[in-house]
Amino acid sequence: MTLRYLPDAGRLYGDEYARDPQAIYAELRRQHGAVAPVEISPGIGAHLVIGYQAAVDVLTNAGGVWSKNPSAWQAQLPDTPDAAGMIAMLGYRPSALFADGAEHARYRKVASDCFALVQPHKLRQMVSEVADSLIAQFAAKGEADLAADFARPIPLRVFNLLFGRPDSDSATLSKALSDMMEADGEVGKRGSDAFSQYIGELIQAKYAQRGDDLTSWFIDHPAGLEGDELVQSVVLVMAAGFDPTSSLISNAISRMVSDDRYYSSLSNGALSTYDAVMEALRAEPAMANFGPYFVRQPVHFHGTWIQPDELVLVSYAAANTEPTNVPEELRSDGGAYLSFGAGPHRCPASDPALLIAVTAIERLTSHLCDLELTVPREELPWRPGPFHRSLAHLPVRFTPIRPDQPGDSPWAPHAPSSSAPSAPIVPPSSTSYVTSAPWSS
């Protein structure tokens, strides 16, 4: 039974975990080693892989024993709100996240091929325009919540444009995704339902009228995704692109503005934005615990027996920070982090995610070069939930800037056709940033 290993399990929910997850991981490591029993919601257990080598073994399917199909696990869950919230995040869907072998390769190729059509220099321009439009809304105030006012809206609006939905739909999408990621009983289920409805409406609109956007390319891809395959593939890519990227942005900013090595870089380049993003990916990855896996037969894995119907999650946060003999040079340059996964299921859109995060932060620090936290970093509030490491708020202050100041500013037009300098920049449609798919010609 799925719940048999709950005694002495660590809780990946509640205020204590949100405040200091590394303390929980350290205690689990002390008691259990590389694989530990945890609760991800009241009464719902999992094996959490917290050892670095153990995580690599799972992610690369060492021994060929690992599967992504959660059907047997899902069938055992009780009919409760907490279980419904977990199913919203981990329940089976016909998409790359829950498929193996040739089926997985087919789904993954759609995402890889379509993201390859997004030109990096045009994506960078899109992010710059979205970032500037957001900065312009608070730059004159001298204070902001960079989680709510900056980090969360950027990937939301960027992915909306890339998938072909108007910017005006961003608020609806944000609410649905936030609720789903909390995975908190009815809230998680409500968010999942709202998100699925949102994606369904998007696909319906693109069936009626194609565009040069990711949704249209998914529809027309030679892999021939149909029905729920198409819906769930778009759901996966958008969900995986939005919340983790927004959390990466806020986590990296919080490090930059609270660490003198980065603070000085705002003016003299001691350490770069890229360095801060790499550090956040290793030490505080946005998806702290995820990568659901299951075994095909009973396995004695790094000291723990795992049965086929038991959920296994990879703790990227714990594995990345495990005291280990991995050479320090690998730890410091990002070469050893697992935050985008590894092996056949490694995130196919890691490069666009990094580009979005680095570009957004560079725009912010180029306009506001004296950012500082209004509370110590250790007092920042974190969003609850077993899967993500995401700031609820990131309050900062800075020297205000005005639209009439000379020099580059967030109000400055990016192109001759942009809005007047005194108005926020509204990014144009996504067709300005992408190229036509070869299979659509």
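Quick housekeeping. This is a predicted model, where local features need pLDDT of at least 70 and side-chain atom pairs count only at pLDDT 80 or more, while totals for chains, interfaces and linings use all residues. Residues are numbered from 1 along each chain as its sequence is written, and side-chain values use heavy atoms, with hydrogens and water left out.

Back to the helices. The axes of α16 (residues 273-283) and α19 (residues 350-367) come within 9 Å and cross at roughly 130°. That makes α16 oblique to α19; angles under 35 degrees count as roughly parallel, over 145 as roughly antiparallel, 65 to 115 as roughly perpendicular and the rest as oblique. Axes here are lines fitted to C-alpha atoms, for helices over the stretch in contact, with angles from 0 to 180 degrees between N-to-C directions. Helices are DSSP runs of H or I with at least four residues, and strands are E runs of at least two, numbered from the N terminus.

Who touches whom? On the α16 side we have Thr273, Tyr274, Val277, Met278 and Leu281, meeting Leu354, Val358, Ile361 and Glu362 of α19, with contact meaning heavy atoms within 4.5 Å. Those contact residues divide into seven nonpolar, one polar and one charged.

Now the strands. For β2 (residues 35-41), seven of its seven residues are buried, that is, under 20% relative accessible area with a 1.4 Å probe, protein chains only; over 50% is exposed and in between is partly exposed. On one side, β2 runs parallel to β1 (residues 10-11) with two bridges, and Gly10 stands opposite Val38. Pairing needs at least two DSSP bridges between the strands.

β2 also runs antiparallel to β3 (residues 44-49), joined by six bridges, one of them putting Ser41 with Ile44. That hairpin has two residues between the strands, and Gly43 takes a positive phi near 85°.

As for β3, six of its six residues are buried, so it is largely enclosed by the rest of the structure. Ile44, Ala46 and Leu48 point one way, and Gly45, His47 and Val49 the other. Finally, β3 pairs with β9 (residues 312-315) in the parallel sense over three bridges, with His47 opposite Val312.

Notes. Ala, Val, Leu, Ile, Met, Phe, Trp, Tyr, Cys and Pro count as nonpolar, Asp, Glu, Lys and Arg as charged, and the others, Gly among them, as polar.
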